[in-house]
Amino acid sequence: MADQKVVAAGSGERVGRPGDPCIMVIFGAAGDLTRRKLIPALYNLAKHDLLSREFAIVGVARNEMSTDDFRKKMSDDIKQFATTQSVDPDIWEWFERRLYYLTGEFTDKTLFTKLNDLLQKLDKDHATHGNYFYYMATAADFFGMIVENLAEVGLMNDEGGHWRRVIVEKPFGHDLESAVALNAQLLKVVRENQIYRIDHYLGKETVQNILALRFANGIFEPIWNRRYIDHVQISVGETVGVEGRGGYYDNSGALRDMMPNHIMQLISLTAMEPPISFEANAVRDEQAKVLHAIQPPTGEEVLTKTIRGQYGDGESGGQRVPGYRNEPSVAPDSRTETFVAMKVAIDNWRWAGVPFYLRTGKRMAARNTHVVIQFRRAPLILFRDTPVDSMMPNQLVLHIQPEEGISLRFAAKVPGPVMRLGSVDMDFQYADYFGVQPSTGYERLLHDCMVGDATLFQRADMVEAGWSIVNPLLDVWKALPPRNFPNYAAGTWGPKEADDLLEKDGRRWRDFEK
């Protein structure tokens, strides 16, 4: 440990190269995402000297506001949403002077002419070298239109030594057909390497550490295959309900909200082959191969290998909470699922015969996202003349949220004169070992966009591959509405059918209460 260099949050010491000189344009800048996540993330980057000194932000939204109004609003909001206990006044003063605002409708082409004029002025004032990136913090319906309007006035033109990029938030479509259409609309006016499809889950340290764990440690990669691994579980559990987003969620549901993006990204990083380098397309090529190797379920398999659920009344956090159908803006007879579980297979040499069990849900017993790698049981024959009657399988667990870390479960002898085995968990937590680094999850991704590293962003083929796996479920579930909703109580781990999905294979979910 003596020679280990650990940079604590708030030390102000740079932990990488600063982003390129650039202007960030946030479409939908008056919304929650900007004040809760984007501005705090950019402030954290500034605090660690990871923003260029030649940097500016332009907020664009329909809300009537002046630049001074916008600066005051962001100054008030950062006090509430900063991830650090206090905001450094000197850093914020520098940051605030670089905030600008433009009012307009995204459908109004004159808005983009005004934006072009403003960017050229700010380019000279802040020496940003003509580098612009655009963040789509808007409803998904506006993504394609905004990019087309930007291209029409030359704001996506990156010839002449500068760059232009666009960050698109999920959802990337609402089914396979719309995802293909959105990709085609974007690629008509910009190149694939200008598009950064963001998934903030990929900003989590443990998600990124999957690659480091697998490929930087000689003890794991040799056993990361069907010969040694029995099955893999990926769980994304949330204790919250729809949090006032009932109107949006009732048209989306858990399947669309989580499966084609968050969970498919976790599968691809967990199961991919070693890339030839950490260059963006080398990594994404291997991720795409995994997604293409997952066979979309047939109609019959949707009925036998997938589970959907909807929460009813229950108890969460020690309080009674309403069922989904009683949430604001949700139809009283809603058929929208708030829970999904499914069993998938990856049809390649590494993973043939190894099931991947996936689940995600609202109002579950604990907020916990994790990947469980369960290894095959050791033979019992050595212990045939002892009281040991079963061998517990080893498990490697990647904890992604709320605590980020890794744990390894193995068997050890219980002290005493008789051979008895106990289960032991060896735990590593980032906060304990490296210190807490307050973040929003967006810092790494915004910085990567500024330096042109697309490794943690999805490509068009990855998006479409994810939707191709999910689309058969959408079709079957639309044709066969659920008859038993709600089928799990708020504050539990989901419907009983999800447990049965594993139990009929002789397995069970690993649940974490905290």
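Which residues have the most contacts inside the largest nonpolar core? They are Phe27, Leu42, Tyr134 and Leu446, in a core of 150 residues; a nonpolar core is here a set of buried Ala, Val, Leu, Ile, Met, Phe, Trp, Tyr and Cys residues joined through side-chain atoms within 4.5 Å. Buried stands for a relative accessible area under 20%, exposed for one over 50%, and partly exposed for what lies in between, with a 1.4 Å probe and protein chains only. The model is a predicted one, in which local features need pLDDT of at least 70 and side-chain atom pairs count only at pLDDT 80 or more, while totals for chains, interfaces and linings use all residues. Residues are numbered from 1 along each chain as its sequence is written, and side-chain values use heavy atoms, with hydrogens and water left out.

Leu446 gives a view of the packing: leaving aside residues up to four places away in sequence, Leu446 touches Met24, Leu38, Ala41, Leu42, Leu45, Phe133, Tyr135 and Ile167, where a contact means heavy atoms within 4.5 Å. Leu42, one of these neighbours, is also among the residues with the most contacts inside the core.

Two cavities of 30 Å³ or more are counted, a cavity being a set of points, on a 1 Å grid over the protein atoms alone, where a 1.4 Å probe fits but cannot get out, with lining residues having an atom within 4 Å of a point. Grid points are joined across faces, edges and corners, and a volume is the space filled by probe spheres set on the points. The largest cavity holds about 40 Å³ and is lined by Pro171, Phe172, Pro260, Asn261, Gln458, Val463 and Trp467. Helix H9 (253-271) and helix H14 (460-479) each supply at least two residues of this lining; helices (H or I, at least four residues) and strands (E, at least two) are DSSP runs, numbered from the N terminus. By class the lining has five nonpolar, two polar and no charged residues, where Ala, Val, Leu, Ile, Met, Phe, Trp, Tyr, Cys and Pro count as nonpolar, Asp, Glu, Lys and Arg as charged, and the others, Gly among them, as polar.

The second largest cavity, of about 30 Å³, is lined by Glu238, Tyr249, Ala254, Asp257, Met258, Thr338, Thr360, Gly361 and Lys362. H9 and strand S13 (355-361) each supply at least two residues here, and H9 provides the largest share, three residues. This lining divides into three nonpolar, three polar and three charged residues.

Two of the residues lining that second cavity, Glu238 and Lys362, also meet through their side chains in a salt bridge (3.3 Å, N to O), a term for a side-chain nitrogen of Lys or Arg within 4 Å of a carboxyl oxygen of Asp or Glu. Lys362 lies in the loop between S13 and strand S14 (368-375) and Glu238 in the loop between strand S7 (229-237) and helix H8 (246-249), so the pair ties together parts that are 124 residues apart in sequence. Both Lys362 and Glu238 are buried.

The structure holds 28 salt bridges, including one between the side chains of Arg191 and Asp158 (2.7 Å, N to O). Because Arg191 lies in the loop between helix H6 (176-187) and strand S6 (195-198) and Asp158 in the loop between helix H5 (143-152) and strand S5 (164-169), this pair ties together parts that are 33 residues apart in sequence. Arg191 is partly exposed at 41% relative accessible area, whereas Asp158 is buried at 18%.

A further pair, Glu301 and Lys305 (3.8 Å, N to O), sits within helix H11 (residues 299-305), where the two residues are four apart and thus separated by about one helical turn. Glu301, at 27%, and Lys305, at 30%, are both partly exposed. Elsewhere, salt bridges that share partners join Asp32, Arg35, Arg36, Lys73 and Asp77 into one network.

The peptide bond from Gln401 to Pro402 is cis, with omega near 5°, and Pro402 is placed in the loop between strand S15 (395-401) and strand S16 (405-413). Another cis peptide bond joins Phe485 and Pro486, with omega about -10°. Asp49, although not a glycine, has a positive phi of about 60° and lies in the loop between helix H1 (32-47) and strand S2 (55-61).

Conventions:
On a 1 Å grid over the protein atoms alone, a cavity is a set of points where a 1.4 Å probe fits but cannot get out, and a pocket is an open set with protein on both sides within 12 Å along at least five of seven lines; lining residues have an atom within 4 Å of a point.
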